[in-house]
Amino acid sequence: MAFIGLASQTTFAELLQRCLDAEIDEEFSEDGYFKKRRRERRYYWYFRSAGRQKSERYVGPVTDKSISDRVKRFADLKSDFRERQSLVRGLVASGLPEPDPLSGRIVEAMWRAGFFRLRGVLVGTLAFQCYVGVLGLDVRGRPLQTQDADFAQFWGISQNIGESMPPILDVLCSVDATFSPVPHLDDPLVSVRYRNAQRYAVDLLVPNRGSDEHQGRPARMKALGGAGAQPLRHLDFLIHLPERSVLLHKAGVPVTVPRAERFAVHKLIVAASRTDQLKSSKDVQQAETLLAALRRQRPLELADAWREAWETGPRWREKMDAGRERLSDDGRAAIDDVLARSKIRRSGRRNR
């Protein structure tokens with residue numbers, strides 16, 4: 001597996017920080033202020049707007065250090081769109097992937113509508129593109145384009161966060177007026193997918209809520225403007241404890257994506273379940289690419305993610321074994337290596 005140079009990785013890290021700073025700067029006017037509010041024994045940041053029509057907007061948990069630090073620096077933050085745009089162009093010129101224009105505009109529109117602020121997570125191939133700069137991968141020559149965008153959120157978060165983004169269809173039509181809802185087979189009054197005239201699809205996903213009675217039935221998502229979302233197995237593992245990254249569109253779009261190690265393990269689980277061989281091969285390829293980087297950069301995190309999934313139950317283990325068998329020798333070696341190193345390290349700690 002090839003890797004990009006240290007200079008590009010450093011530039012990507014700088015762009016990520018600037019985008020996170022600008023995220024606060026662009027979403028919240030300087031004449032407002034931040035305040036803490038307690039909800040169910042935890043404290044969260046909310047932004048109170050100034051003026052005659054005062055309103056509050058959810059920002060994130062106080063325990064999220066990156067958010068709290070940016071709240072403290074809010075008064076000093078300045079928009080640097082042009083400089084960030086230059087960084088994005090330089091990174092793309094050095095070989096990092098950029099999304100196709102429509103995908104970029106859709107993710108940007110969802111960001112501006114508050115999807116990521118409301119703890120939504122970008123998944124799928126667009127999320128995979130966002131690991132390249134974080135892990136320093138060189139993926140030139142690999143197929144990374146997609147004809148869909150997948151967005152996920154936990155149902156409990158959607159119900160209890162206390163705020164909602166605008167209707168999904170309105171957000172999508174602001175990008176392309178030909179988007180329309182696709183009726184769900186089990187409930188024609190609810191849509192979990194939206195498609196435009198060119199057949200580009202946007203899917204809303206939610207983890208299956210623990211029992212077969214919810215499997216396949218669309219869930220109403222309060223924070224997503226009341227839109228429906230398709231319940232999926234294993235999605236709770238994927239989007240638990242996500243991380244921040246940047247989609248290289250315009251001046252960089254700050255996004256929330258699954259942890260890379262969870263993405264890799266999840267891809268192997270999903271690959272073993274698919275009947276579409278092309279999609280299954282794509283899952284394995286993405287998993288293998290990430291495993292090569294995680295073996296070098298996040299071996300303990302990868303080992304922990306693998307063990308967490310492995311200990312979930314026998315059905316998970318069967319799928320993980322089946323997905324592992326589809327890897328190359330190098331891919332299987334990466335898993336074996338990090339598990340062995342993690343075991344040695346844990347054993348060393350116990351013997352101290």
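Let's start at one end of a helix: Asp276 caps the N-terminal end of α11, with a side-chain oxygen 3.0 Å from the backbone nitrogen of Leu278. That is a polar contact (a pair of N or O atoms within 3.5 Å; within protein, one must be able to donate a hydrogen and the other to accept it, and residues adjacent in sequence count only if both atoms are side-chain atoms). Keep in mind that this is a predicted model, where local features need pLDDT of at least 70 and side-chain atom pairs count only at pLDDT 80 or more, while totals for chains, interfaces and linings use all residues. Residues are numbered from 1 along each chain as its sequence is written, and side-chain values use heavy atoms, leaving out hydrogens and water.

Now follow helix α11 itself. Helices (H or I, at least four residues) and strands (E, at least two) are DSSP runs, numbered from the N terminus. Helix α11 covers residues 277-297, and at 1.5 Å a residue its 21 residues should span 30 Å, which agrees with the 30 Å between its end C-alpha atoms. The expected span is 1.5 Å times one less than the number of residues. Among the buried residues of α11 are Ser280, Asp283 and Leu294. Here buried means under 20% relative accessible area, exposed over 50%, and partly exposed in between (1.4 Å probe, protein chains only).

Gln297 is 15 Å from Thr10, C-alpha to C-alpha, although 287 residues separate them in sequence. Thr10 belongs to helix α1 (residues 6-27) and, at 48% relative accessibility, counts as partly exposed.

Next come the aromatic rings. Rings of Phe, Tyr and Trp (its six-membered ring) pair if their centres lie within 6.5 Å; planes under 30 degrees apart count as stacked, over 60 as edge-to-face and the rest as tilted. By this rule there are nine aromatic pairs. Phe115 and Phe151 make an edge-to-face pair, 5.2 Å centre to centre with 85° between the planes. Because Phe115 lies in the loop between α4 (101-112) and β4 (121-123) and Phe151 in strand β5 (residues 148-152), the pair ties together parts 36 residues apart in sequence. Both Phe115 and Phe151 are buried.

The ring centres of Trp306 and Trp310 are 6.4 Å apart and their planes are at 15°, so this pair is stacked. Both lie in helix α12 (residues 299-310), four residues apart, about one turn of the helix. Trp306 is buried at 7%, whereas Trp310 is partly exposed at 31%.
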